[in-house]
Amino acid sequence: MDSLFKGYNQSAGPGCAVAIIQNGQVIFSKGYGMGNLEYTIPVTSKTVFDVASLAKQFTGFAISTLVQEGKITLSDDIRKYLPELPRFAQTITIGHLVHHTSGIRDWPEALMAAGWRYSELCSFQDIMHMVKNQRELDFVPGTEESYSNSGYNILAALVEKVSGQTFPAWTSEHIFKPLQMTSTLFLDDNGRVIPNLAYSYYSNQDIFLKSTDVLTAYGSSSLYTSLEDMAKWVIHFQQALETKDPVFIRMLDTGKLNNGEKVSYGFGLETGTYNGYSTIVHTGAWAGYRTIIRNFPDEKLSVIILSNGDDNSINNQYMAKVVSLFLTDKTKPSTPVPTITSVKVNPERLKKYVGLYKWRPGEVHISLEKDTIRFQFIGEDSYPTIALNDSTFMLTVAGLPIVFHQSKGGAVNSFTFKDRLGKKFTPHSASADELKTYVGTYFSQELQAEYTVGIQANKLVVRHFRRGDFPMSSNMKDEFTGDLGVVRFIRNNRQQVRGFNLSGERVRNIYFDKKH
């Protein structure tokens with residue numbers, strides 16, 4: 001283990017805490033690197049991390065408990081308990097929220113569109129205000145699966161309404177105190193002092209910088225805990241599955257779409273297989289924190305890794321290396337877990353992959369930088385890939401492959417990612433006269449946000465007072481993309497621009513009306 005994590009075992013960088021639980025016992029627990037770079041405080045098993053979306057399984061436990069107590073059912077309309085939520089054309093059930101099939105907008109993208117920055121305070125109340133003001137759903141409930149943090153914040157509000165306690169108080173009374181998880185809490189006040197807290201950092205070339213974390217989004221996130229405490233939860237979880245505790249068994253129940261297609265997401269947990277073994281897993285990422293718990297219930301084996309550096313390889317490569325010490329890959333019995341190595345691809349072939357692709361509701365930009373293919377969902381960061389062969393590239397941040405398809409004539413017009421096809425398209429070149437029709441001020445009643453659209457150097461620029469300028473590239477007539485997301489202008493019967501819809505990966509068609 002020391003050899004695997006030697007890159008983290010230094011006093012000049014952030015670190016991680018790692019635990020291995022086997023047969024109900026912690027057989028390894030150790031910290032590597034620094035929890036605080038300012039004062040060179042090392043990471044230990046008692047160091048407290050913001051574990052981000054690992055929080056969702058505790059929300060899932062709360063919902064499963066209320067179901068078991070007969071206080072709610074998964075088929076209940078959420079407005080039965082929270083009538084202040086919008087009355088959409090279709091009913092949203094508790095089950096829709098649990099399995100991420102509700103159509104509720106995801107708050108990180110929505111609030112950023114409203115003018116928030118990741119580095120500033122975003123509270124549970126801010127999120128609930130956003131949800132209450134949502135005008136339409138991203139899709140009809142039950143027709144799609146789209147990860148929504150907001151859904152789990154609504155579930156936390158449901159627990160509060162039904163139990164009469166605050167969500168932090170309910171989880172403390174029903175989970176953390178009984179398991180003696182003395183360092184664990186859901187944060188509802190960002191001014192609270194948290195003992196033994198690891199600060200979060202991100203790398204910028206050869207130095208580390210502080211990554212601000214002032215989020216209080218309990219239910220979906222904002223769970224602070226230590227390696228020691230999470231090990232107690234993991235041991236209890238395994239024991240509950242073995243004794244067939246109905247609350248925990250229900251947490252593994254996956255959802256279904258209206259067409260019968262299975263959804264792999266349970267109650268704050270992903271279920272599936274890993275190298276031929278049944279597994280239960282969830283990851284977390286916020287600010288500079290990266291966290292993961294992977295359980296193998298049949299083998300009675302669990303691995304926990306909590307990190308305070310923005311290294312996404314914690315959740316795939318490092319986890320894979322630890323698991324490989326215990327479990328042989330059943331899908332390739334004689335082959336150990338391989339180390340991902342890149343191959344050299346002809347630069348001329350790489351150029352064929354460059355371009356814009358329609359993928360899911362938005363666009364993906366494939367670019368080439370120093371012979372490295374980079375993947376960018378429009379509106380998000382650009383990430384490098386590793387070439388596995390001439391047509392397959394590993395997106396390491398996600399641990400998933402991108403496969404490009406070449407026609408018989410040699411052209412590349414599509415790729416497959418997450419089992420979804422992306423199709424290349426040629427951007428529309430908007431004329432100067434066209435661009436002038438978009439100029440104006442636009443306002444979203446839903447987000448209470450205003451954008452100004454103008455022209456700079458023959459390019460459309462969308463400006464927000466707080467977040468600055470977003471240069472936009474023309475994709476097709478009346479459609480533009482950039483770091484803001486996908487902007488589709490809407491015209492009236494007289495072909496005059498009356499507004500635009502803004503979409504991203506987890507938000508769709510937020511309407512902005514043209515004021516002038």
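**View A. About 350 Å³ of space makes up the second largest pocket.** What you're looking at is a predicted model, where local features need pLDDT of at least 70, side-chain atom pairs count only at pLDDT 80 or more, and totals for chains, interfaces and linings use all residues. Residues are numbered from 1 along each chain as its sequence is written, and side-chain values use heavy atoms, with hydrogens and water left out. A pocket here is an open set of points on a 1 Å grid over the protein atoms alone, with protein on both sides within 12 Å along at least five of seven lines; a cavity is a set of points where a 1.4 Å probe fits but cannot get out, and lining residues have an atom within 4 Å of a point. Points are joined across faces, edges and corners, and the volume is the space filled by probe spheres set on them. Sorted by class, the pocket lining has eight nonpolar, four polar and three charged residues. (Nonpolar means Ala, Val, Leu, Ile, Met, Phe, Trp, Tyr, Cys and Pro; charged means Asp, Glu, Lys and Arg; the others, Gly among them, are polar.)

**View B. Here is the largest cavity, with a volume of about 60 Å³.** Rolling a probe the size of a water molecule over the atoms shows where empty space is left. For cavities of 30 Å³ or more, the count comes to three. Around the largest cavity you'll find Trp107, Pro108, Leu111, Met112, Trp116, Arg117, Tyr118, Glu120, Cys122 and Trp286. Helix H3 (residues 107–113) supplies the largest share of that lining, four residues. (Helices, H or I with at least four residues, and strands, E with at least two, are DSSP runs numbered from the N terminus.) Eight of the lining residues are nonpolar, two are charged and none is polar.

**View C. The second largest cavity holds about 40 Å³.** Its lining is made up of Gln57, Trp233, Val234, Phe237, Leu269, Ile280, Ile293 and Asn295. Two elements give two or more residues each: helix H7 (227–242) and strand S16 (289–296). H7 gives the most, three residues. No charged residue turns up in this lining, which splits into six nonpolar and two polar.

**View D. Arginine 508 sits in the loop between strand S32 (497–503) and strand S33 (510–514).** Is arginine 508 buried or exposed? Its relative accessibility is 14%, so it counts as buried. (Buried means under 20% relative accessible area, exposed over 50% and partly exposed in between, with a 1.4 Å probe and protein chains only.) The arginine 508 side chain makes a polar contact with the side chain of glutamate 144, at 2.6 Å. (That's a pair of N or O atoms within 3.5 Å; within protein, one must be able to donate a hydrogen and the other to accept it, and residues adjacent in sequence count only if both atoms are side-chain atoms.)

**View E. Glutamate 363 is part of strand S19 (residues 362–369).** With a relative accessibility of 0%, glutamate 363 counts as buried. Which side chain does the side chain of glutamate 363 make a polar contact with? That of lysine 358, at 2.2 Å. Leaving out residues up to four places away in sequence, glutamate 363 also touches others, including Gln376, Phe425, Asn475 and Arg488. (Contact means heavy atoms within 4.5 Å.)

**View F. Leucine 97 is found in helix H2 (residues 94–98).** It is buried, at a relative accessible area of 1%. Skipping residues up to four places away in sequence, leucine 97 touches Ile78, Ile92, Ser102, Ile104, Gly151, Tyr152, Ile154 and Leu155. Isoleucine 249 lies 152 residues from leucine 97 in sequence, and their C-alpha atoms are 18 Å apart.

**View G. Leucine 435 belongs to helix H11 (residues 432–438).** This leucine is buried too, with a relative accessible area of 5%. Residues up to four places away in sequence aside, leucine 435 touches Ala430, Ile455, Asn458, Lys459, Leu460 and Phe480. From leucine 435 to serine 226 it's 209 residues along the chain and 54 Å between C-alpha atoms.
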